[in-house]
Amino acid sequence: MSYVTDYPAADADRAAAHFLHRLSVETDCDDVHSAIKDDERDFVLLHVVGSPESFARRHVPGAIHLRHRDIDAQRMAQWPADTLFVVYCAGPHCNGADRAALKLAQLGRPVKIMIGGLTGWADEGFDFNAA
(Lines give C-alpha, C1' and ligand atoms only; values in the text may rest on other atoms or scores of the structure.)
Protein backbone atom coordinates (compact mmCIF):
# COMPACT_ATOMS: atom_id res chain seq x y z
CA MET A 1 0.00 0.00 0.00
CA SER A 2 1.37 3.43 -0.92
CA TYR A 3 1.06 6.75 0.87
CA VAL A 4 -1.46 7.66 -1.84
CA THR A 5 -3.83 4.95 -0.69
CA ASP A 6 -3.15 5.10 3.08
CA TYR A 7 -6.43 7.01 3.29
CA PRO A 8 -9.25 5.88 1.03
CA ALA A 9 -10.61 8.26 -1.59
CA ALA A 10 -13.86 10.02 -0.77
CA ASP A 11 -17.03 8.69 -2.31
CA ALA A 12 -18.16 10.45 -5.49
CA ASP A 13 -20.82 12.62 -3.81
CA ARG A 14 -18.45 13.87 -1.14
CA ALA A 15 -15.69 14.51 -3.67
CA ALA A 16 -18.10 16.40 -5.95
CA ALA A 17 -19.28 18.58 -3.05
CA HIS A 18 -15.67 19.29 -2.04
CA PHE A 19 -14.53 20.30 -5.53
CA LEU A 20 -17.66 22.34 -6.17
CA HIS A 21 -16.96 24.24 -2.96
CA ARG A 22 -13.35 24.90 -4.00
CA LEU A 23 -14.45 26.16 -7.40
CA SER A 24 -16.96 28.48 -5.72
CA VAL A 25 -14.13 30.33 -3.94
CA GLU A 26 -11.25 29.90 -6.39
CA THR A 27 -10.47 30.53 -10.02
CA ASP A 28 -7.19 30.16 -11.86
CA CYS A 29 -4.94 32.29 -14.01
CA ASP A 30 -6.02 30.63 -17.25
CA ASP A 31 -9.72 31.27 -16.58
CA VAL A 32 -9.03 34.93 -15.75
CA HIS A 33 -6.79 35.28 -18.82
CA SER A 34 -9.46 33.73 -21.06
CA ALA A 35 -12.14 36.08 -19.70
CA ILE A 36 -9.91 39.09 -20.35
CA LYS A 37 -8.84 37.90 -23.82
CA ASP A 38 -12.40 37.04 -24.89
CA ASP A 39 -13.81 40.28 -23.43
CA GLU A 40 -16.04 38.26 -21.10
CA ARG A 41 -15.02 39.89 -17.85
CA ASP A 42 -17.94 39.62 -15.43
CA PHE A 43 -15.88 40.42 -12.35
CA VAL A 44 -13.65 43.13 -10.93
CA LEU A 45 -10.01 42.06 -10.68
CA LEU A 46 -8.18 43.38 -7.62
CA HIS A 47 -4.41 43.37 -7.13
CA VAL A 48 -4.40 43.44 -3.33
CA VAL A 49 -0.74 43.78 -2.30
CA GLY A 50 2.30 45.95 -2.83
CA SER A 51 3.09 49.57 -3.40
CA PRO A 52 1.73 51.71 -6.22
CA GLU A 53 5.22 51.52 -7.73
CA SER A 54 5.33 47.72 -7.74
CA PHE A 55 1.81 47.62 -9.18
CA ALA A 56 2.89 50.00 -11.96
CA ARG A 57 5.83 47.71 -12.80
CA ARG A 58 3.86 44.46 -12.98
CA HIS A 59 0.21 43.54 -12.69
CA VAL A 60 -2.43 41.52 -14.49
CA PRO A 61 -4.00 43.52 -17.33
CA GLY A 62 -7.11 45.40 -16.24
CA ALA A 63 -6.50 44.91 -12.53
CA ILE A 64 -7.24 47.63 -10.01
CA HIS A 65 -4.71 48.18 -7.25
CA LEU A 66 -6.56 48.02 -3.93
CA ARG A 67 -4.44 46.71 -1.09
CA HIS A 68 -6.20 44.34 1.30
CA ARG A 69 -5.60 46.75 4.19
CA ASP A 70 -7.58 49.44 2.30
CA ILE A 71 -10.68 47.32 1.70
CA ASP A 72 -13.62 48.60 3.74
CA ALA A 73 -17.34 49.18 3.31
CA GLN A 74 -16.92 52.78 2.24
CA ARG A 75 -14.38 51.94 -0.47
CA MET A 76 -16.41 48.99 -1.77
CA ALA A 77 -19.60 51.06 -2.00
CA GLN A 78 -18.50 52.24 -5.45
CA TRP A 79 -19.51 48.84 -6.87
CA PRO A 80 -22.97 47.23 -6.87
CA ALA A 81 -23.51 44.77 -4.03
CA ASP A 82 -23.61 41.77 -6.37
CA THR A 83 -20.25 42.53 -8.04
CA LEU A 84 -17.96 39.51 -8.08
CA PHE A 85 -14.42 40.36 -7.04
CA VAL A 86 -11.44 38.25 -8.06
CA VAL A 87 -8.43 38.95 -5.88
CA TYR A 88 -4.81 38.02 -6.32
CA CYS A 89 -1.50 38.66 -4.63
CA ALA A 90 2.15 37.84 -5.29
CA GLY A 91 1.69 34.07 -5.38
CA PRO A 92 1.53 30.92 -3.29
CA HIS A 93 4.00 32.37 -0.75
CA CYS A 94 1.69 35.34 -0.05
CA ASN A 95 -1.56 35.45 1.93
CA GLY A 96 -2.70 38.90 0.79
CA ALA A 97 -5.41 37.42 -1.43
CA ASP A 98 -6.73 35.39 1.51
CA ARG A 99 -6.84 38.53 3.65
CA ALA A 100 -8.65 40.48 0.92
CA ALA A 101 -11.10 37.63 0.25
CA LEU A 102 -11.90 37.36 3.95
CA LYS A 103 -12.56 41.10 4.22
CA LEU A 104 -14.77 41.09 1.14
CA ALA A 105 -16.72 38.07 2.34
CA GLN A 106 -17.19 39.69 5.75
CA LEU A 107 -18.60 42.72 3.92
CA GLY A 108 -21.09 40.42 2.20
CA ARG A 109 -19.35 40.66 -1.18
CA PRO A 110 -18.99 37.76 -3.64
CA VAL A 111 -15.31 36.91 -4.00
CA LYS A 112 -12.93 34.38 -5.51
CA ILE A 113 -9.17 34.08 -5.25
CA MET A 114 -7.12 33.73 -8.41
CA ILE A 115 -4.87 30.90 -7.27
CA GLY A 116 -1.22 31.30 -8.18
CA GLY A 117 -1.30 35.10 -8.18
CA LEU A 118 1.47 36.90 -10.04
CA THR A 119 3.68 33.80 -9.86
CA GLY A 120 1.01 31.64 -11.47
CA TRP A 121 0.35 34.29 -14.13
CA ALA A 122 4.06 34.33 -15.01
CA ASP A 123 4.25 30.52 -14.94
CA GLU A 124 1.45 30.40 -17.52
CA GLY A 125 3.46 32.73 -19.77
CA PHE A 126 0.83 35.48 -19.75
CA ASP A 127 1.83 39.08 -20.30
CA PHE A 128 1.80 41.74 -17.64
CA ASN A 129 1.16 45.37 -18.33
CA ALA A 130 1.94 48.70 -16.74
CA ALA A 131 -0.58 51.07 -15.21
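Predicted model: local features only at pLDDT ≥ 70, side-chain atom pairs only at ≥ 80, totals over all residues.
Local features are reported where pLDDT is at least 70 and side-chain atom pairs only at pLDDT 80 or more, while totals for chains, interfaces and linings use all residues. Residues are numbered from 1 along each chain as its sequence is written, and side-chain values use heavy atoms, with hydrogens and water left out.

Five strands form an open sheet in the order S1-S5-S4-S2-S3, with parallel pairing. Strands (E, at least two residues) and helices (H or I, at least four residues) are DSSP runs numbered from the N terminus, and two strands pair if DSSP finds at least two bridges between them. Strands of a sheet pair through backbone hydrogen bonds, either parallel or antiparallel. The edges are S1 and S3 (64-65), each of which pairs on one side only.

Strand S1 (residues 26-28) is joined to S5 (residues 111-115) by three bridges, and Thr27 stands opposite Met114 of S5. Three bridges also link S5 to S4 (residues 85-88) in the parallel sense; here Val87 faces Ile113 of S5. From S4 the chain passes through helix H5 (residues 96-106) to S5 in a right-handed β-α-β crossover, that is, with the strands pointing away from the viewer, the path from the first strand over the helix to the second runs clockwise. S2 (residues 44-47) pairs with S3 over two parallel bridges, with Leu46 opposite Ile64.

Helix H1 (residues 12-25) lies across S1 and S5 and runs at about 95 degrees to S5. Such angles run from 0 to 180 degrees between N-to-C directions, the axes being lines fitted to C-alpha atoms, for helices over the stretch in contact.

In helix H2 (residues 29-37), Cys29, Val32 and Ala35 are buried (under 20% relative accessible area; exposed is over 50%, partly exposed in between; 1.4 Å probe, protein chains only). These residues lie on the same side of H2 because they cover an arc of only 130 degrees around the axis, taken from the directions from the helix axis to the C-beta atoms. The buried residues of H2 pack against S1, S2, S4, S5 and helix H6 (117-123), where contact means heavy atoms within 4.5 Å. Just after H2, Asp39 takes a positive phi of about 55 degrees.

Arg99 is placed in H5 and counts as partly exposed because its relative accessibility is 46%. Arg99 and Val48 are 51 residues apart in sequence and 8.9 Å apart in space, C-alpha to C-alpha.
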